[in-house]
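I opened this notebook to record what I looked up in the structure. The entries follow in the order in which I consulted the model.

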Amino acid sequence: MKTSMYFLGQWLAAPLRTAAIAPSGRALARLMSSEVGPQTGPVIELGPGTGVFTRALLDRGVAEQDLVLVELNPSFAQFLRRRFARACVLEMNAAELARTSCLDGITAGAVLSGLGLLSMPRQQVVDILDGAFRHLRPHCGFYQFTYGMRCPVPDTIQNRLGLRARRLGGTFLNLPPAAVYRISRDVGSNPTAALQFTKTTEI
């Protein structure tokens, strides 16, 4: 079965869980992985789906055994295990990253996210970002794409988690056209205090 048809089947089965109706295109995958290379070290990918970004990471020289693929959809997770046998595939919700022991000892050089943040409750977005940055080395990036006109992580969340977003670029060759943002943590920020603040304050 072609990957695009497999992806569509998963969307039809669970449209709320599979945010996109089709896998991302190669141009978007190249943009998402453009700042990643063999020297990046472990890379965590959130919501890899059928592995379009995963394949781009391998093309950039990231070793397959350095990939940690976090996928909630059981069918996609099984597909990824077959396609990328040496990668670590974790079948779990990305919002649980801060509370899992599966990533103990892993310090990533990048996180790539294929998650539909715009369709998620804001607290879930906070949990995903907090968990991701707990496993990112200082000054390293969280890469997120969007079909919208602005960064999918609102300024209120960025400010409370000590984050800063920079538009990396966009591509009209994707359907629909998409943009990629690099989100990093501000130097000297206090993410623990910021996280506690979000749990007691409406965002």
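**Notebook entries**

I began with H139, which I located in strand β5 (residues 136–146). The model is predicted. I noted that H139 is not a glycine and yet has a positive phi of about 70 degrees. I then looked up the accessibility of H139 and found 60% relative accessibility, which counts as exposed because the threshold for that class is over 50%.

I turned next to helix α5, which covers residues 122–134 and has 13 residues. I recorded a reach of 18 Å from the first C-alpha of α5 to its last, close to the expected 18 Å. I listed the buried residues of α5 as V125, V126, D127, I128, L129, D130, G131, A132 and F133.

I then went through the salt bridges, for which the count is seven. I found E35 paired with R182, with the closest N and O atoms 3.1 Å apart. I placed E35 in the loop between α2 (26–32) and β1 (43–46) and R182 in strand β7 (residues 178–185), so the pair ties together parts that are 147 residues apart in sequence. I noted E35 as partly exposed at 35% relative accessibility, whereas R182 is buried at 17%. I also saw that a network of salt bridges links E35, R166 and R182.

I looked up two further pairs. I recorded 3.1 Å, N to O, for the salt bridge between E96 and R99. I found E96 partly exposed at 35% and R99 partly exposed at 49%. I noted 3.9 Å between the closest N and O atoms of R150 and D155. I found R150 exposed at 62% and D155 partly exposed at 46%.

Technical notes
Residues numbered from 1 in each chain as written. Predicted model: local features only at pLDDT ≥ 70, side-chain atom pairs only at ≥ 80, totals over all residues. Heavy atoms only, no water. Helix = DSSP H or I, 4+ residues; strand = E, 2+ residues; numbered from the N terminus. Expected span 1.5 Å × (residues − 1). Buried < 20%, exposed > 50% of the residue type's maximum accessible area, 1.4 Å probe, protein only. Salt bridge = Lys/Arg side-chain N within 4 Å of Asp/Glu carboxyl O.
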